[in-house]
Amino acid sequence: MSTQADIYAAVKGDLGSLARPLFEKSEKLLRERGDFLPHAAVLTSDGKVSLLGAMCNTKDGFANSWHILPMVHDGLRSMANERPLSAIGIAERVDVIPGEGSRQAVKVLLEHQRGLAIAFYMPFARTEIGTFDFGKMVTLFTESEVNAWSRR
């Protein structure tokens, strides 16, 4: 039986191909808007990465993270049922890093079809002049939140 560390070593390249664009987009949105809504990425079985998001159904609709995140999860589960995906990733802004306490961070949750779930937290703080400083990454093996492959 493979350990989480063994699986991570085997799929690190897949996960990195999702993590990079999710962190880049999150950082860009933070710098431009000061915040961001959850967004996602998928890695197809042939190695293609696609970025995804969710939005309201109405022109003047209101959206926030607690509203959007379940829609992103549902969309990822649907995609995994409809086409062969190797991995999924979701970026969201959080206010707590497990084991580190209250700290704002960009959380990127990555789930691989081989059964691995890992979360990367990049702490950040807004400076007095309005720019963002990003801290050292915290990495934690975790439980699946999306469960994209559990229905197969």
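Throughout these legends, a residue is called buried at under 20% relative accessible area, exposed at over 50%, and partly exposed in between, as computed with a 1.4 Å probe on protein chains only. The structure is a predicted model, in which local features need pLDDT of at least 70 and side-chain atom pairs count only at pLDDT 80 or more, while totals for chains, interfaces and linings use all residues. Residues are numbered from 1 along each chain as its sequence is written, and side-chain values use heavy atoms, with hydrogens and water left out. Helices (H or I, at least four residues) and strands (E, at least two) are DSSP runs, numbered from the N terminus.

**View 1. Helix α1 and its kink.** Helix α1 has 30 residues, yet its end C-alpha atoms are only 36 Å apart, short of the 44 Å that a straight helix would reach at 1.5 Å a residue; the expected span is 1.5 Å times one less than the number of residues. A kink of about 65° is centred on V11 in α1, where the bend at a residue is the angle between axes fitted to the seven residues ending there and the seven starting there. Just after α1, G34 takes a positive phi of about 85°.

**View 2. The largest nonpolar core.** A nonpolar core is here a set of buried Ala, Val, Leu, Ile, Met, Phe, Trp, Tyr and Cys residues joined through side-chain atoms within 4.5 Å. The largest such core has 23 residues, and L15, F23, V106, V108 and L110 have the most contacts inside it. Two or more residues are given to this core by each of α1 (4–33), β1 (39–44), β3 (85–97), β4 (101–112) and β5 (117–126), and α1 gives the most, with 9 residues. With neighbours within four places in sequence left aside, V106 is in contact (heavy atoms within 4.5 Å) with F23, S26, L30, F36, E92, F120, Y121, M122 and F124.

View 3. Helix α2 covers residues 65–82, 18 residues in total, and reaches 25 Å from its first C-alpha to its last, close to the 26 Å expected at 1.5 Å a residue. In α2, the buried residues are I68, L69, V72, H73, L76, R77, M79 and A80, and the buried residues of this helix pack against β1, β2 (49–52) and β3. A second, separate core of 14 residues includes A40, I68, M79 and A80.

View 4. The bridge partner of A41 in β3 is G89, while L43 stands opposite V49 in β2. β1 and β2 form a hairpin with 4 residues between them, and G47 in the turn has a positive phi of about 90°.

View 5. R31 and E27 meet in a salt bridge at 3.5 Å, N to O, and both lie in helix α1, 4 residues apart, about one turn of the helix. In a second pair, the closest N and O atoms of K28 and E32 are 3.6 Å apart, and these residues are likewise 4 residues apart in α1, about one helical turn. An α-helix has 3.6 residues a turn, so residues three or four places apart point the same way. E27 counts as buried, at 19% relative accessibility, whereas E32 counts as exposed, at 51%.

**View 6. The loop between α1 and β1 beside strand β3.** R93 and D35 form a salt bridge in which the closest N and O atoms are 2.9 Å apart. R93 lies in strand β3 and D35 in the loop between α1 and β1, so this pair ties together parts that are 58 residues apart in sequence. The relative accessible area is 23% for R93, which is partly exposed, and 34% for D35, also partly exposed. D35, R93 and D95 are linked in a network of salt bridges. L37 is found in the loop between α1 and β1, and its C-alpha atom is 7.5 Å from that of R93, although the two are 56 residues apart in sequence.

How values were computed
A salt bridge is a side-chain nitrogen of Lys or Arg within 4 Å of a carboxyl oxygen of Asp or Glu. Two strands pair if DSSP finds at least two bridges between them.
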